[in-house]
Amino acid sequence: IDAVLDAAMPETHARPGTLGLECWLGVRAADGVLAGVGALARQPDGTGNLRGIAVLPSHGGQGLGTALSAALTRRALSGTSGVATLGVYVDNAPAIAVYTRLGYETRHTFYSGQLAG
């Protein structure tokens with residue numbers, strides 16, 4: 001898992017051993033390589049939050065991110081709240097396209113930046 005995250009999304013805060021993660025799912029490419037990973041965190045109200053979804057750049061464009069996101073979404077929706085959430089950077093157009101196809105909608109946009117001074 002760490003090797004995929006290091007290659008595909010080193011900035012993620014979701015790592016094996018991160019407190020609050022319910023599970024990790026992975027997807028293998030046709031060549032057998034673990035090419036994508038993602039985690040699910042469960043909130044106290046039962047809401048499932050997708051985290052750390054990453055696909056190796058060498059295996060992009062094969063639908064692996066969609067398959068992984070769909071599986072995590074199904075698991076998230078199986079919770080008591082029946083709600084799935086996630087966060088995505090606004091400049092990650094491929095991921096946004098996947099999430100839109102899966103039925104996700106933007107509800108909140110957060111902005112961050114460095115404080116002056």
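This is a predicted model: local features need pLDDT of at least 70, side-chain atom pairs count only at pLDDT 80 or more; totals for chains, interfaces and linings use all residues.
**Entry 1: Glu22 and its partners**

I began with Glu22 and Arg42, whose side chains meet in a salt bridge at 2.9 Å, N to O. The term stands for a side-chain nitrogen of Lys or Arg within 4 Å of a carboxyl oxygen of Asp or Glu. Glu22 lies in strand E1 and Arg42 in strand E2, so this pair ties together parts that are 20 residues apart in sequence.

Residues are numbered from 1 along each chain as its sequence is written, and side-chain values use heavy atoms, with hydrogens and water left out.

Which residue forms a salt bridge with Glu22 besides the one above? I found Arg75, with the closest N and O atoms 2.9 Å apart. Arg75 sits in helix H2 and Glu22 in strand E1, so here the tied parts are 53 residues apart in sequence.

I then looked up accessibility, where buried means under 20% relative accessible area, exposed over 50%, and partly exposed in between (1.4 Å probe, protein chains only). Glu22 is partly exposed at 35%, Arg42 is partly exposed at 24%, and Arg75 is partly exposed at 35%.

**Entry 2: other salt bridges**

My search of the whole structure gave five salt bridges. One of them joins the side chains of Arg15 and Asp6 at 2.8 Å, N to O. Asp6 is partly exposed, with a relative accessible area of 46%.

**Entry 3: the sheet**

Next I traced the open sheet: four strands in the order E1-E2-E3-E4, with mixed pairing. Strands E1 (21-28) and E4 (84-86) stand at the edges with a single partner strand each, so one side of each has no neighbour in the sheet. Two strands count as paired if DSSP finds at least two bridges between them.

E1 and E2 run antiparallel and are joined by seven bridges; in this pairing, Val27 stands opposite Gly36 in E2. The two strands form a hairpin with five residues between them, and Gly32 in the turn has a positive phi of about 90 degrees.

E2 and E3 also run antiparallel, joined by six bridges. Arg42 turned up again here, with Gly48 in E3 as its bridge partner. This hairpin has five residues between the strands too, and Gly46 takes a positive phi near 95 degrees.

How do E3 and E4 pair, in the parallel or the antiparallel sense? I read the pairing of E3 (residues 48-55) with E4 as parallel, over three bridges. Leu50 stands opposite Leu86 in E4.

I also checked how enclosed E2 (residues 34-42) is: seven of its nine residues are buried, so the strand is largely enclosed by the rest of the structure.

**Entry 4: Val27**

Val27 belongs to strand E1 and is buried, with a relative accessible area of 15%. For contacts I take heavy atoms within 4.5 Å. Not counting residues up to four places away in sequence, Val27 touches Val33, Leu34, Ala35, Gly36, Leu64 and Leu68.

**Entry 5: helix H3 and what follows**

In H3 (residues 93-101), I found Ala95, Val98 and Tyr99 buried. Seen down the axis, the buried residues of H3 fall within an arc of 95 degrees, so they line one face of the helix; the arc is taken over the directions from the helix axis to the C-beta atoms. On the face turned away are the exposed residues Ala93, Pro94, Thr100 and Arg101. The cover over the buried residues of H3 includes E3, H2 and E4.

Leu102 lies in the segment after H3 and counts as partly exposed at 31%. Leaving aside neighbours within four places in sequence, Leu102 contacts Thr66, Ser69, Ala70 and Thr73. Thr73, in helix H2 (residues 64-77), is buried at 10%. With the neighbours up to four places away left out, Thr73 touches Leu50, Ala84, Leu102 and Tyr104.
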